[in-house]
2 protein chains.
Amino acid sequence: MPSFLDTTDADFEASFSALLTAKREDSPDVDDTVAAIIADVRARGDEAVIELTSKFDRLDLTPETLAFSPDEIDAECAKVDAEDRAALELAAERIRAYHVRQIPEDQSWTDPEGATLGWRWTPVSAAGLYVPGGLASYPSSVLMNAIPAKVAGVERLAICAPTPDGVCNPLVLLAARLSGVETIYRIGGAQAIAALAYGTATIKPVDKITGPGNAFVAAAKRRVFGKVGIDMIAGPSEILVIADKNNDPDWIAVDLLSQAEHDESAQSLLITDDAAFGRAVADAVEKRLETLERRAIAGASWRDFGAVITVRDLDEAAELSNRIAPEHLELCVDDPDALSEKITHAGAIFLGQWTPEAIGDYIGGPNHVLPTARSARFSSGLSVMDFVKRTTLAKMTPQALRAIGPAAERLAISESLEAHGLSVRARLDRLNEGAE
Amino acid sequence: MPSFLDTTDADFEASFSALLTAKREDSPDVDDTVAAIIADVRARGDEAVIELTSKFDRLDLTPETLAFSPDEIDAECAKVDAEDRAALELAAERIRAYHVRQIPEDQSWTDPEGATLGWRWTPVSAAGLYVPGGLASYPSSVLMNAIPAKVAGVERLAICAPTPDGVCNPLVLLAARLSGVETIYRIGGAQAIAALAYGTATIKPVDKITGPGNAFVAAAKRRVFGKVGIDMIAGPSEILVIADKNNDPDWIAVDLLSQAEHDESAQSLLITDDAAFGRAVADAVEKRLETLERRAIAGASWRDFGAVITVRDLDEAAELSNRIAPEHLELCVDDPDALSEKITHAGAIFLGQWTPEAIGDYIGGPNHVLPTARSARFSSGLSVMDFVKRTTLAKMTPQALRAIGPAAERLAISESLEAHGLSVRARLDRLNEGAE
């Protein structure tokens, strides 16, 4: 059974706070192992990567077979049936159309003092995308990571996708191809992250690494951060559904289960202004759990971390939602747009009962890589912005320097940074000479 | 003596690579100490913060005196002389005018299938700004951190600024007031970061922490990352000047020294297409070092990490600059705008000989918190964007779901995520019933 909370309960605040701070994930401490793997790859390059792949993935590679050849990619892509291919193509097209709108604009202007100011955006030169192997090898994640990078203008994009026992997912290769990725290495784990960050004889280093992974991959990303850029470290997935009684309980139940089935540590929450509706949804969840393929995982998640919260009204629902700062937020209410205006912290909002969260996972257009564990309070989902950076620009004229230079000199002196002041003073003196 | 390199030298590539990878900073490993301090502040709150402040800053506080009172701030601000105040006000005004242009726009559109898509930006609710005490207590940094936060719409902004032995910098308090910051705590170190991240009885927790600090502060920021957002971990400052012979060697010399004087680990580089000019600048540096107040620091930085690189032409200069990805880049050449177009990685560019980098430190308008240690390859300086986050929006209609839902269901099935598919299928079935 999930938790049942009601804001009119005397102990609501304590129960809700406990829900907010519950630790859902046991991350094993693999940091020492990962440090050793990174040091090994830095020292021995391809040789280390090949050895570790043999050990962990039971796959024997050579420098020549580290990456899939174009023919191999062709052959794998040919295995994908027409309907899956069409679905992937439609998703790629829609994700691209959404992300193209995120390309930021350069600016330049001249102020009244004559200073020209502005900034310019440039893409990261090379990015690496990690794609997990096995069960969590999701072609949709390839699209969600690679397309924003390509839209940003990243010139070189490499994928690392482990193929344990040599088994690969043709849909992953097709997704890579549809996204414009040419190089796909069949390596994984901390060794793949180390190779992307530091390079080997065969694998060129990149400037930014994104993509989900297990505890080893996450620890390796934390360690190489600074040497390269990384995206967020994602925690288990979460959904919050705010629903009034004018919904089919079964629809809301499958929406909740669509997060619960990801992972036993996932969290599915329902907030409703109708206690009877909340119970109906909980009943519908149990009914769906009887037959769901992943009922063991989804059931554990719902039992351990699920909750149904009854509120007095939708304003209270918005307040609680903002304290939760959910990764995914469904607003299944009569006027979802009005309720949405009250939401200040959420990774992605799905408006109205015709927008199940799964649409956003695959095909809506927005990115499905979103801030978890309440980090939507301060961070955003993956976007084109993660693959560009801003260079600020400033150009003084003699007139502009005369207008604002003395204040800079004054501040430099107040901070005891004499040379800063002198660099302005030397130029102002020349101007004064010229004026005499 | 700094290094002298020439791209026509046989060993240039080796020398340049060594320059790129030289480790300039010895970060002491204070991680265990910092972990203990954070745990202590989490467990004992104000009591721990007060004890640690007494121990490290020789200052005895109570919960009531942790923050400056408005009267105390008034009294300190009154000590600032009129000229310093005017300089600070001009700087604040110019920084605000620049950053206001960074406020990102919301978007919303409806696509041909009838899906409404878009995103909305919202500010972080509360931010904390760290301001170092002692020598590196820079009022300009208060402006550079606080103004973007205020422009972003952050409601609550707190400063932690240690005051060892009770000594505070009136300019820091005035800068805070000019930036719209009301709460200023006189605490520092890892205990201040822990208090901002986790809160105490007196100190409310924030969602994002920015600002420079020593090794303890940096380690604490790394540790609380995830619980709150942080800005970058800044390394020692750097400048690269690209200058042709049509410059006054003394101007370029003081520009180089304006970074070197920050820190013995700072790095000042000159690239020129005229070897004689390079030598003239090096001579001018030596001459300025004879009298510079911070000659011990600046001299050590220039001797250990400075370099003069002679190139064949300015195209080669741009190529080397892009490999360096400098924090600050001055382009002192005849056509700085044309050269700037060739620069793909730099934190900030200063165009032409009338734009010494110090203008950007104080008063130009762009932010002076910039990516160091080659991280301009993948990251940007501080901006309004660091204090806002994006919520993506998607709203399907029945018609839109009918158009794109089947592809989402298909992809869900291909990823073995049955409930994802069911959440779409349940709705499509209803639509089909209605259509019959």
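Modeller: Happy to! One term first: buried means under 20% relative accessible area, exposed over 50%, partly exposed in between (1.4 Å probe, protein chains only). Cys77(B), for instance, is buried at 4%. This is a predicted model, where local features need pLDDT of at least 70, side-chain atom pairs need 80 or more, and totals for chains, interfaces and linings use all residues. Residues count from 1 along each chain, chains are lettered from A and ligands numbered from 1 as written, and side-chain values use heavy atoms, without hydrogens or water.

Start with Glu327(A). You will find Glu327(A) in the loop that links helix 13 (314–324) to strand 12 (328–332) of chain A (DSSP runs: helices H or I, at least four residues; strands E, at least two). Its relative accessible area is 5%, so Glu327(A) is buried. Leaving out residues up to four places away in sequence, Glu327(A) has contacts (heavy atoms within 4.5 Å) that include Pro236(A), Glu238(A), Gly347(A), His368(A) and Thr372(A).

Next, His328(A) sits in strand 12 of chain A. His328(A) counts as buried too, because its relative accessibility is 2%. Setting aside residues up to four places away in sequence, His328(A) touches Ser237(A), Glu238(A), Gln259(A), Phe350(A), Glu357(A) and Asp361(A), among others.

In helix 13 of chain A, the buried residues include Glu316(A), Ala317(A), Leu320(A) and Ile324(A). The partners against which the buried residues of this helix pack include helix 1 (12–21), strand 9 (238–243), strand 12 and helix 14 (336–340) of chain A. At the start of helix 13, a side-chain oxygen of Asp313(A) comes within 3.2 Å of the backbone nitrogen of Asp315(A). After helix 13 comes Ala325(A), which has a positive phi near 50 degrees.

Ala325(A) leads us towards chain B. Among the residues that Arg377(A) touches are Ala325(A), His345(A), Val124(B), Lys227(B) and Lys389(B), again ignoring residues up to four places away in sequence. Arg377(A) belongs to the loop between helix 15 (357–362) and strand 14 (388–395) of chain A. Arg377(A) is buried at 10% relative accessible area, and its side chain forms a polar contact of 2.5 Å with the side chain of Asp207(B).

How do the two chains fit together? A 180 degrees rotation, with 0.0 Å of shift along its axis, superposes chain A on chain B (RMSD 0.0 Å), by least squares on C-alpha atoms with pLDDT of at least 70 in both. The two copies are therefore related as by a two-fold rotation axis. Pro104(A) has the C-alpha of chain A nearest the axis, 4.5 Å from it. The copies meet through the same surface, because 100% of the interface residues of chain A are also interface residues in chain B.

Notes:
Polar contact = N/O pair within 3.5 Å; in protein donor to acceptor, adjacent residues only side chain to side chain.
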